[in-house]
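Reader: I have the sequence and the coordinates open. Could we go through the arrangement together, one topic at a time?
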Amino acid sequence: MSKSELAFVRHEILPEQTPPITDAGIVKWLRDNLFPGPINTILTLVAIYFLFKLLSGAMPWFWNGVWTASSLSECREILNGATGGCFSVLTERWNQLLFGFKYPSEAYWRPTLAFVLLLVSIAPVLFSMLPRKLLILTVLYPFVAFWLIWGGTILTPLMILLGFVAGYVAFRRVEAKGFGTAALLGIAVTVVFWWLGGYISSAAPNVVALTPVPSRDMGGFMLNMILGTVCVSLSLPFGVLLALGRQSNMPIIKWMCVIFIEFIRGVPLITLLFVANVVLAYFLPPGTSFDLILRVIIMITMFASAYIAEVVRGGLAALPSGQYEAANSLGLDYAQSMRLIILPQALKISIPGIVNVAVGLFKDTTLVSVISMFDLVGMIRGPILASTEWNGIYWELWGFAVVLFFIVCYSISQYSQWLEHQLQRDHR
Amino acid sequence: MSSLSASRADSFKLSQLFNDTRYRSYTFQFIALLLLIMLFAYLGSNLVQNLRDAGLNISYQFLGEPAGYDINQRLIEYDSQSSHLRASVVGVLNTLLVAVLGCILATIIGVVVGILRLSKNWLIRKIMAVYVEIFRNVPVLIWILIILSVFTAILPQPRDFRGENPDASMLWDAFAFTGRGFYFPKPIFEAGSGIVIATFIASIIGIFVYRAYARKQLYEAGRLLPIFWPSVGLFFVPVIVMFFIMGQPIVMDYPSLQGFNFQGGIFARNSFISLWFALSIYTAAFIAENVRAGILAVSKGQTEAAASLGLRPGRIMNLVVLPQALRIIIPPLISQYLNLTKNSSLAIAVGYMDVTGTLGGITLNQTGRAIESVLLLMLFYLAISLAISAVMNVYNNAVKLKER
């Protein structure tokens with residue numbers, strides 16, 4: 001069989017052909033992702049139909065929106081029957097939505113500045129690549145923010161700060177003699193310093209003073225932010241202590257912590273707010289009257305610390321017992337081993353859980369509207385919807401509340417996912 | 001050596017209470033207990049003092065007094081002359097009603113959304129992701145209020161159903177969805193209906209017995225009995241047969257328009273409907289995440305191993321993936337049920353009279369018995385959550401991997 005008998009032999013390789021149109025590019029993507037089978041095709045078509053209905057309803061509502069009317073009836077006149085949102089309620093009541101209706105309007109810059117500073121001072125905590133020296137800002141922030149939001153003389157927060165500093169110095173001096181003794185001494189020095197500082201700041205109420213604003217005048221989204229940040233940051237140390245107490249091998253302390261945690265986790269926050277509103281006053285010394293906001297902060301902090309304690313306990317339990325044994329074999333005492341070995345690792349494991357608790361807590365701050373405090377939801381339900389100008393407007397206001405909460409909570413949870421990714425050690 | 005230990009035992013010094021690890025824990029516990037007792041004594045003395053100043057005392061007598069207020073939605077007989085205790089029981093039943101219905105609806109939506117989030121369909125996947133993120137990141141109180149406004153604003157009023165050419169019409173002449181609430185047909189049980197219900201219960205038990213029998217046959221004799229169709233048959237056939245044998249003892253009372261409002265049937269107010277719906281779709285977003293995580297946690301090798309054994313896709317899902325996924329899904333699912341039950345206390349914001357609205361709301365305000373009411377309220381919720389945690393523990397122990 002010689003070569004010439006063959007009809008055809010190809011000598012060169014065929015050029016590569018492009019894949020068929022149904023198997024490449026956007027068509028392939030559509031086939032794979034939107035129309036892979038009859039059921040999915042129906043689902044896609046239904047989804048597209050609903051999206052179309054939603055957008056065709058919502059788009060004109062946005063485009064025709066009125067931003068400059070002073071009441072709902074005026075807004076309807078401008079719209080003249082056309083579909084459109086009355087976003088002017090947001091522009092007209094902007095300050096009320098954010099600051100409540102009693103906060104003095106000439107002082108709006110103070111909470112705004114406090115909010116900006118919050119972003120600045122929380123950054124070094126959130127992002128470990130920032131220089132560590134910035135943490136000084138974080139430490140100073142609570143005192144500055146207190147002064148900015150509540151006003152009064154700067155001496156009050158200054159004395160509180162100096163009390164902490166004095167206590168810390170005393171603690172460092174005697175730390176070598178034992179953690180417990182040093183901690184007790186530090187607390188004692190702090191308390192004495194506060195007691196003295198109280199006299200100084202009440203003697204000179206006008207030194208670098210801002211107009212004082214009583215806390216019952218706080219309202220709007222500002223109140224949600226205050227409650228959220230204060231309660232989360234206060235509940236962290238308490239939560240860690242409760243978790244350590246629950247893990248402890250001293251039965252009395254363990255059971256105290258267990259009962260506290262399980263009791264708080266078993267009841268809804270709203271009942272705790274009832275306690276803050278109507279019951280707590282019975283348990284305080286006769287004649288004292290606590291601010292409602294302070295009572296609410298106490299109860300929400302208790303609530304949050306119980307949840308954080310459970311998260312941290314999970315972190316503690318997840319650590320291999322070799323870590324505890326290694327710390328013991330190095331000769332570290334309980335305080336040292338917790339501070340240097342156990343807690344840094346356990347807290348790192350529990351960060352996602354803590355962030356979840358923080359997001360949940362921030363959402364739960366809206367419940368204070370039930371005990372007639374005027375946070376964002378309380379402002380919308382109360383003064384704004386009850387006013388003659390804006391009675392009957394719902395979508396714009398609730399949409400605004402949804403957007404505000406979504407932005408805050410979604411960014412926190414995205415941060416948590418990013419951090420989880422960063423903290424992952426290579427476990428292959 | 002003996003002299004050393006003897007000398008250490010002899011020379012007990014007071015400072016050892018703090019510095020010696022053998023005694024230190026006792027000291028700490030003693031101090032903690034002392035502080036706790038002092039705290040309680042302090043709070044208690046303040047309480048006694050405050051109550052005396054206000055001329056009050058702690059007593060639960062008020063529970064027996066007539067409540068004097070109406071509850072517009074109730075599962076048991078109640079009028080304004082009934083006692084506060086009965087009002088609280090009405091509230092408890094309302095809480096349980098919305099919690100149970102909410103858990104059922106939330107599970108259905110959550111499971112469907114969780115599975116759809118893993119769908120091959122890009123559009124469906126994205127829509128479900130948007131749903132989950134929006135609902136998880138906005139407070140449930142806002143959702144409850146939004147849904148109440150939406151129901152009130154969008155749905156027609158009862159008067160729209162009137163006239164020759166009404167703006168709205170009833171669904172199958174049986175269901176009416178109005179801005180005031182939903183009207184459903186109400187079953188009326190006449191004589192002989194007990195036997196029909198007994199048959200129904202018996203056939204449900206029969207289904208379980210049959211399934212157990214089929215499983216036993218599979219494991220012991222290796223025979224594969226059909227499960228689905230016999231179950232469906234057992235569910236429907238005996239009840240329907242008995243229903244006609246007894247001469248149709250259960251009739252429906254349909255709601256009908258009389259004057260300006262509907263009469264008859266079951267009336268569920270929009271406060272209840274919106275609370276139920278809002279709690280369900282809010283919790284469903286969390287359940288969807290749990291379901292998704294549970295299914296993703298079953299490693300792909302399990303599916304492939306099952307496939308290489310020759311199992312069909314349906315059986316892979318039922319016998320291999322689901323049992324492993326459920327072990328991961330159910331504990332967080334139960335804690336979501338717990339959250340839903342606790343969140344149902346937000347009923348007070350829409351005026352649904354659950355136990356927070358009756359005992360913690362009107363009863364508290366009318367009698368001024370703040371401490372007693374709030375204490376009872378907390379104990380009720382505590383009892384529910386302890387019961388749910390007990391169920392969870394039983395389940396966890398039942399499905400725990402038996403490691404040796």
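**A buried asparagine and its surroundings**

Author: With 22 C-beta neighbours inside 10 Å, B:Asn121 counts as buried, because the threshold is 20 or more. Please note that this is a predicted model.

Reader: Where is B:Asn121 found in chain B?

Author: B:Asn121 sits in the loop between helix 4 (84-116) and helix 5 of chain B.

Reader: Which residues is B:Asn121 in contact with, leaving aside its neighbours within four places in sequence?

Author: They are A:Asn33, A:Leu34, A:Asn40, A:Leu43 and A:Thr44.

Reader: And how far apart are B:Asn121 and B:Trp143 in sequence and in space?

Author: In sequence, 22 residues separate B:Asn121 from B:Trp143; in space, the C-alpha to C-alpha distance is 28 Å.

Reader: Let us turn to the contact as a whole. How many residues does it take from each of chain A and chain B?

Author: Chain B contributes 47 residues and chain A contributes 42 residues. On the side of chain B that touches chain A, the elements giving two or more residues are helix 3 (21-54), helix 5 (122-136), helix 6, helix 12 (355-367) and helix 13 (370-399) of chain B.

Reader: Which of them gives the largest share, and how do the residues divide into nonpolar, polar and charged?

Author: Helix 3 of chain B gives the largest share, 13 residues. The residues on that side of chain B comprise 31 nonpolar, 12 polar and four charged.

Reader: What covers the buried residues of helix 16 of chain A?

Author: The cover includes helix 5 (94-99), helix 10 (220-247) and helix 17 (395-423) of chain A, along with helix 6 (140-154) of chain B. The buried residues of helix 16 (residues 376-386) of chain A are A:Leu376, A:Val377, A:Gly378, A:Met379, A:Ile380 and A:Ile384.

Reader: Next, the largest nonpolar core. Which residues touch the most other members?

Author: Of its 140 residues, A:Leu273, B:Ile142, B:Ile144, B:Leu275 and B:Ala278 do. Helix 9 of chain B gives the most to this core, with 16 residues.

Reader: What does A:Leu273 touch, not counting residues up to four places away in sequence?

Author: A:Leu273 touches A:Val296, A:Met299, A:Leu367, A:Val368, A:Val370 and A:Ile371.

Reader: Now the sheet in chain B. In what order do the three strands lie?

Author: The order is 1-2-7, in an open sheet of chain B with antiparallel pairing. Strand 1 (176-178) and strand 7 (266-269) of chain B each have a single partner strand, so they stand at the edges with one side lacking a neighbour in the sheet. From one strand to the next, the twist averages 15 degrees.

Reader: How many bridges pair strand 1 of chain B and strand 2 of chain B?

Author: Three bridges join strand 1 of chain B to strand 2 (residues 181-184) of chain B, in the antiparallel sense. Within this pair, B:Ala176 stands opposite B:Tyr183 in strand 2 of chain B.

Reader: What lies across strand 2 and strand 7 of chain B?

Author: Helix 9 (residues 270-297) of chain B does, running at about 65 degrees to strand 7 of chain B.

Reader: Finally, how is chain B divided into domains?

Author: Domain 1 covers 16-54 of chain B, and domain 2 covers 84-137 + 270-399. The centres of domain 1 of chain B and domain 2 of chain B, taken over C-alpha atoms, are 40 Å apart. Chain B has 13 helices and seven strands, and 28% of its 404 residues count as buried.

Methods. Residues numbered from 1 in each chain as written. Chains lettered and ligands numbered in written order. Predicted model: local features only at pLDDT ≥ 70, side-chain atom pairs only at ≥ 80, totals over all residues. Pairing = 2+ DSSP bridges. Helix = DSSP H or I, 4+ residues; strand = E, 2+ residues; numbered from the N terminus. Axes fitted to C-alpha atoms, helices over the stretch in contact; angles between N-to-C directions. Contact = placed C-beta atoms within 7 Å. Core = buried A, V, L, I, M, F, W, Y, C linked by C-beta atoms within 7 Å. Buried ≥ 20, exposed ≤ 12 C-beta atoms within 10 Å, placed from the backbone. Nonpolar A, V, L, I, M, F, W, Y, C, P; charged D, E, K, R; others polar. Domains from an automatic or database assignment.
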